[in-house]
Amino acid sequence: GAIKNCKKGDVVVQLGPEHIAAGTNIVIEAKQKRGYDIDAAQAEIVEARKNRRAQIGIFVFSASHAPDGMESFKRVGDDIFVVWDSLDPSTDVNIAAAMSVAKALCTKKNSSDLSDDFDLDVIEQAILEIERRTNGLKDISRWTETISNNADKIISQVQTTRKSIRKQIDLLNTQVDFIQTLGG
């Protein structure tokens, strides 16, 4: 890296010649370590950007070690913070969103030479919407788990109730049959 004896910056993605921001670097720092809050992560990704000469940084928290209350996706200036669970493919969208936003930020930073044929506000609005929607997925996932857990409880209760009703029907039929044999 650019900083002597510094290993910050796990992965560097350099945008290729087909991209308007060709040569721009995006650094990714991933942590599966307790004790990282957003401030510590921000300090680390700033150092990683400097060390890897990157314009944009992505910090990936392991879901099992993310700070309590951490949003699934958060952007602070040129840094993006996401929560990812290697065992849950539904969180892959957080990584994809981070990369897309990082590329958009690179485009935005390198667009000063371009004509006014496009609207930078559209890029900014898309970034904000991705952030909002990605964080909404966390709530939806939690609600789905609640529904799933309750559905399992409901199914179990239905099975128990059916079994009990069948048992009571059998007891009732046995008693009615017995009474008929006495009267008949």
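These legends accompany close-up views of a predicted model.

**View 1. Glu18 in its loop.** Glu18 sits in the loop that joins strand E1 (11-14) to strand E2 (25-31). Its relative accessible area is 70%. The cut-off for exposed is over 50%, so Glu18 counts as exposed. Arg133 lies 115 residues from Glu18 in sequence. In space, their C-alpha atoms are 29 Å apart.

**View 2. The largest nonpolar core.** This core holds 20 residues. Ile26, Ile56, Ile58, Phe73, Ile80 and Val82 touch the most other members. At least two residues come from each of E2, strand E3 (56-62), strand E5 (79-84), helix H2 (92-109) and helix H3 (120-183). H2 contributes the most, with eight residues. In soluble globular proteins, nonpolar side chains tend to be buried together.

**View 3. Contacts of Val82.** Neighbours of Val82 within four places in sequence are left aside here. Val82 then contacts Ile58, Phe59, Val60, Phe61, Ser72 and Phe73, among others. Its contacts also include Asn94, Ile95 and Ala98. Another core, of 12 residues, lies apart from the largest one. Its members include Tyr36, Ala41, Phe59 and Phe61.

**View 4. Helix H2.** H2 has 18 residues. At 1.5 Å a residue, the helix should span 26 Å. The end C-alpha atoms are 26 Å apart, so the two values agree. Buried residues of H2 are Asn94, Ala97, Ala98, Met99, Val101, Ala102, Ala104, Leu105, Cys106 and Thr107. Of these, Asn94 and Ala98 are in contact with Val82.

Methods: Residues numbered from 1 in each chain as written. Predicted model: local features only at pLDDT ≥ 70, side-chain atom pairs only at ≥ 80, totals over all residues. Heavy atoms only, no water. Helix = DSSP H or I, 4+ residues; strand = E, 2+ residues; numbered from the N terminus. Buried < 20%, exposed > 50% of the residue type's maximum accessible area, 1.4 Å probe, protein only. Core = buried A, V, L, I, M, F, W, Y, C linked by side-chain atoms within 4.5 Å. Contact = heavy atoms within 4.5 Å. Expected span 1.5 Å × (residues − 1).
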